[in-house]
Amino acid sequence: MSAALTERNSIENILQNRRISGVVKDSQGPITGANVSIKGTTIGAITDINGKFSFDAPQKGVLVISFIGYITQEISVEGKNEISVILKEDTEILDEVVVTGYIAQKKVNLTGAISSVNGEELTKITATSSAQALQGKLPGVQITAGDGAPGSASNIQVRGIGSVMSGTQPLVIVDGFEGTLDNIAMRDIETISVLKDAASAAIYGSKAANGVILITTKRGKTGAMQVEVSAEYGWQSVSHMPDVLNATEMAIKQNEEAAWSNQTLPWSGNHAPETLGKGFNWWDYAYKNDAPIQNYYLSMKGGTEKAKYAISAGYIKQEGVIHLTDYDRFNFRSNFDYAFNKKFKIGVNIEASIANTDSREDIYHYSKNALLMHPSVPQYMPDGSYGLPLRSLSGQYDAGQAMPLSMMYLSDPNYVRLIEGNTFTTRANFFLEWEILKGLKFKSVYNQQYIWSKKNYWKSSYTVYDYETPESIYDTEANAEAISNYSDSQKWEIQELFTYNRIFAKKHTLGVLAGFTAEKAKSGNLSGKKTGFPGNELRVIDAGNTIDYLNGSMAENSVVSLFGQVNYDYMGKYLFQANIRRDGSSVFAPGNQWGTFPSVSIGWRISEEEFMKKISWLNNLKLRIGYGTLGNANIKSFAWVSSYKLTDRYPLGAPNAIYPAYYQTDMSNKDIKWESTTTTNVGIDATVLDNRLNFTFDWYDKRTNDMLFTATIPYSTGYLNGPVINVGEVMNRGWEISASWNDNIKKFHYGISINLAHNKNEVTNMGGVAPFQIENDLWIKEGYPINSYFGYKTIGIYQNWDEVNNSVKPNGDIRPGNYIIQNTNGDDKIDTEDKTFLGSRDPKLVYGINLTAEWQGIDLSIATSGESKKCLYYDNSYGGISPRFCNIYKEYFDNRTIVGEDGNVTVSGKYPAMAGLGTNAPEGHKKVMQNTSFFRIKNIQIGYTLPQSFTQKMRISNLRIFFNAVNPFLFTKYVGFDPETTSTQQDGTVRYYPVSKSVSMGLSLKF
């Protein structure tokens, strides 16, 4: 009876709605965009340009008024129709809570180098991963596209490269468990914090040497269910497409190359260059300019005082700008909390994602194949078949022009080795919290992760016949082949945490953390290849009748950790934090398995001193100093144990007798130990002018010692791989600056933030190990940065034969139009001793500028990023197997050196003559150094939030439409595809998937 009466009263309360209205102001006037709603419901409105609101409300209830930067107020609506509210500025804004590890701290009390970003900022950016959305937003955090392939992971570095071979990526923690930035929906993120120095990251010990990224996802709140839906659709193209030669220009280039070699000009008479016109642009055909991309998101959040929930799902589908490359991903997340009472609660977080990738094996030769197509080759032959190269050049047969590269090799799946990949990832996190006594809490956590993936390769058999002579085979692939790879990994972790927080005598604040963690990871893979398929129809590996190989492997490792932390502050002025963590890892031999990683930091809030109180414009001024050590054990499991492999080709005994046998592949080293990184950090934080201007400066010195890497040994030792050893030291020293300004001009709200980070990287000690090459012309050498280019330095271009004959030059065919190589050591020859440091692939300066603005429901956000003082060393930059038969970037053609009939230069250019960079040219004459500094507009988004007076009629609390541009503008002197990538360039083409740009439109709504 009582329940029925209560329900009846509730219904009557809703039915008896009446109109309430009012105005929201601050000390300076009306506030536009304040949120006004009935507590526990979706009934409410947003204040207009005059600070006014009006909506139908129940007879009883509590009105909640909130706005960023102000203290939220609650007012009863019972008996009131007109309500006037004056909001007060949030003087506790400096007490913003930041996740710093296993606990959260007030930002104002932090003593370590920590940068953070609110998840709401990321919703104004369109990106396929959360990592991309962070570019340019955090000082000292460099995020670059590994390549532009759909679904590809980003490269993340925090304060430079600290290790040569044991990993450079930071540890990513999502809701307390190790995860990734690449498969989490941006709208699920509540906050992101980056721990950059040892003082802040030491609590994570052995995995924190490259920094730590902490992600907290959104959770349910008390009140009615809130639903959020967003949808976005757009089109992509290559972000920075270099121009190449048309048919006439290509013919001129080939004639100049032929003249260089004293050969008959291939293009003359009826086939003179000017007769060819522009021809067909294979470069444009190779890359799409309208590849679709779409992104959808749905979430539901709500709860009661006891049970709260947040459930979300997202789907992204991206078609690549390269033919036959696609990606789609579905992700799901569920966060649930239940409080039995004020002292005991439990929770579970579940995350799952399914990612599907379609790719092609020739991705890194794709642009090279497009360059090899002569612009005179038509897209289709007169009979509609695929275009073939012209065979008659001035009546001559030119075999080089008959390379089997036409449209079918770019877009027809029957002539391309296809790769189909699928990855399923799931993570579950279970926890309970118990407040044992006032201030003393216990938390127990169990984490579980499982990742399963497969990758199938398929290449069809085919035969292509010659167009001019149909009985002749143009190109053939006799055998179809299939490869299947399966891998899985699983990991569990337990965390047992005790925290104690207490304030003594209203002046002393003490926080203590003690914890234990244990984890175990196990992984395995199986790979097989078969040929001898009956046709191209059955594309499963079981249909093949010949096994080419069958391989498999398994690995496991475990880590046990003990750690503690003490935080203390006196009257909010003098701050102290100490951490210690002791890790034991199975990747090291007994006796070296344990490492200890301590840190200490102090802070002084100068603004809280009495002598600073009179400075009215100063809100906060803090000095921070930190010092600590971190560890790294990112090497393969059991590197201290010898590895053996089975072979069936071991000769033994009687002549021609072959037996299976095991042989040792890797040298072992029982003495390997922890790589350690020690960081010193000094920082200043300041907030002034009523919290409108925020400023942070950090200086750091980061030293990595006992680096872990695999030693290079001669094959004469009988081993394939050398042992893992500890050696040397790497220094990263630099500074970071970030500043932000947020303000209102009447109804116009705006903000600007700038961050810069300068880092000097240097290998300070190689421990007696000789310099070694890691990739092409990239070397590790003492006294220079990691990823340093060493090669021949060019100091000009030979103009005539006198300069050639009177110079010190390398052996080979050197003539006017070639580069002049600097005789670095001053002897009478040019050889490898003249190679010198040319620059580094990694930038010294990384920066970002971000702008936001809002006026009467219209909002604008602009995100940018840039890198400076870095370069890329081109190998054979004029491209192709032979420059004569390969297209080139127009920059090289327009600024080339031209040699006359007498062999001397007639037109001096920035680059050598067309044949001066051929594969037959001496080393140093066929390479180009390019400045890869850049400034990029990463994202521009314009949105409009419809008035609530309109959306409320549809029972929608917020409806926003937006238009977005990703990577719309790039400012750089770089000639190639994209300067952002860390990939190298060979054969005239960047050997990676080009970064794309896109335009899109979308909407988001909440109800």
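Trainee: Is lysine 491 buried or exposed?
Mentor: This is a predicted model, in which local features need pLDDT of at least 70, side-chain atom pairs count only at pLDDT 80 or more, and totals for chains, interfaces and linings use all residues. Residues are numbered from 1 along each chain as its sequence is written, and side-chain values use heavy atoms, with hydrogens and water left out. Buried means under 20% relative accessible area, exposed over 50% and partly exposed in between, with a 1.4 Å probe and protein chains only. Lysine 491 has a relative accessible area of 10%, so the residue is buried.

Trainee: With which residue does lysine 491 meet in a salt bridge?
Mentor: A salt bridge is a side-chain nitrogen of Lys or Arg within 4 Å of a carboxyl oxygen of Asp or Glu. Here the N to O distance is 2.6 Å, and the partner of lysine 491 is glutamate 178.

Trainee: How many residues apart are glutamate 178 and lysine 491?
Mentor: Strands (E, at least two residues) are DSSP runs, numbered from the N terminus, as are helices (H or I, at least four). Glutamate 178 belongs to strand S15 and lysine 491 to strand S29, and the separation of this pair is 313 residues.

Trainee: Which residue forms a salt bridge with arginine 936?
Mentor: Arginine 936 is buried, at 0% relative accessibility. Its closest N and O atoms to the partner are 2.7 Å apart, and that partner is glutamate 980.
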